[in-house]
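Hello,

The structure we talked about is attached below. My notes on it follow.

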Amino acid sequence: MRPPAPAALGLLLLLLLLLPPPDQAAKKPTPCQRCRELVDKFKQGMVDTAKKNFGGGNTAWEEKTLSKYEFSEVRLLEIMESLCGSSDFECNRLVEEQEEHLEAWWLRLKKEHPDLFEWFCVKTLQVCCYPGTYGPDCLACQGGSERPCSGNGHCSGDGSRQGDGSCQCHVGYQGALCTDCTDGYFSSLRNETHRICTACDESCKTCTGPTNRDCGQCEVGWVREDGACVDVDECAAEPPPCGEKQYCQNANGSFMCEECDSTCVGCTGKGPGQCKECIPGYTKESGQCTDIDECSLAEKACVRENENCYNTPGSYVCVCPEGFEETEDACVQTQTAGDGEWSALLPLAQREDSRWGLPSLCSGVCLHWEPPREEIHTRSGLGVPGRREGKTAPGTKS
């Protein structure tokens, strides 16, 4: 079997892209919605042309000869031409199919049937129903066509030839006619014609009034105390509900577990000032966990002779200067006599970095690059002879 030609594949891909997604196809307007949209556009066209005339310059003669512009076919044509966009296929198809009906209403039936929607969509095309009715026979919705669903819900198929007339109740209402309150709501008004359900206090699962003292049952996360539903402080529970590296934050009816600051070993709240203890390499100063500068301690962190110390967050590194090599007990100078003089003639980029005391990574002329402190602490292969990573205990070798 021969593979499909590239042109055929391209055409197939284009067709797939033009197809509407499944959810869009499911939302296709109903015939009643299409008809209503067309009527709305027709009415807007009437508004847009209300103050126009024939435009010939002699309005009095034109209206005497051609009849008034207000009722003329010229105005009808202008309205019809403005109904649909060029790319709206469904609208143009509907106008083409129903052009004679619209023309008949405009020229002969408008005075007798002033409501275009009622005459065109309900009585003539029979794709819509009167408000409060539904289905093929336009039957009254549950609760009656005057106040479907007791005014507390939506009638399925209301105003169309579709649906089953059942009630889809608004939030807080339930029952076949939407006359009962759901949990979390109470009846604040109830008479022969109206039912109004109002939300309970947030602490109530059921209630008879608006406050936390009117609860029939408390919501989860609340408990009854002295006749009222009050919030349970889950954060005060033993054992605590959150992990060792988290702190608990109470909320109405619930709680949240938030992460401690990275410098903390356990905490009671947000930030380095709420740490119970500090991680190694940090100490409490003015109530906050701050980095220990091991390089400035009285007891030297880097104990070998000629060795440089560099502080890093939570630790330090020990580095032999340029021109020295690492031995077990010291940084030993490797330059011979005269090497220093030769070094002074080198370009600046080839000399020791004055800010870090580290050998430069450049040769020749280049822009100055400053390595992040973390790289000095963790990376190898930087051309740094004798680098040693520090620990929190001064003088400990890695």
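In which hand does α6 pass α7? The crossing is right-handed, the term for a near helix turned clockwise from the far one by less than a right angle, with anticlockwise giving left-handed.

This is a predicted model, in which local features need pLDDT of at least 70 and side-chain atom pairs count only at pLDDT 80 or more, while totals for chains, interfaces and linings use all residues. Residues are numbered from 1 along each chain as its sequence is written, and side-chain values use heavy atoms, with hydrogens and water left out.

Helix pair. The axes of α6 (residues 89-109) and α7 (residues 116-124) come within 11 Å and cross at roughly 140 degrees. That makes α6 oblique to α7 (under 35 degrees is roughly parallel, over 145 roughly antiparallel, 65 to 115 roughly perpendicular, the rest oblique). On the α6 side, Q98, H101, L102, W105 and L109 meet L116, W119, F120 and T124 of α7 (contact is heavy atoms within 4.5 Å). By class, this contact has 6 nonpolar, 3 polar and no charged residues.

Helix α5 (residues 73-81). Its buried residues are R75, L76, I79 and M80 (buried is under 20% relative accessible area with a 1.4 Å probe, protein chains only). Seen down the axis of α5, they fall within an arc of 135 degrees, so they line one face of the helix. These buried residues pack against α3 (31-48) and α6.

Whole protein. There are 9 helices and 23 strands (DSSP runs of at least four residues for helices, H or I, and at least two for strands, E). Of the 398 residues, 31% are buried.

Regards

Methods. Axes fitted to C-alpha atoms, helices over the stretch in contact; angles between N-to-C directions. Nonpolar A, V, L, I, M, F, W, Y, C, P; charged D, E, K, R; others polar. Buried < 20%, exposed > 50% of the residue type's maximum accessible area, 1.4 Å probe, protein only. Arc of directions from axis to C-beta.
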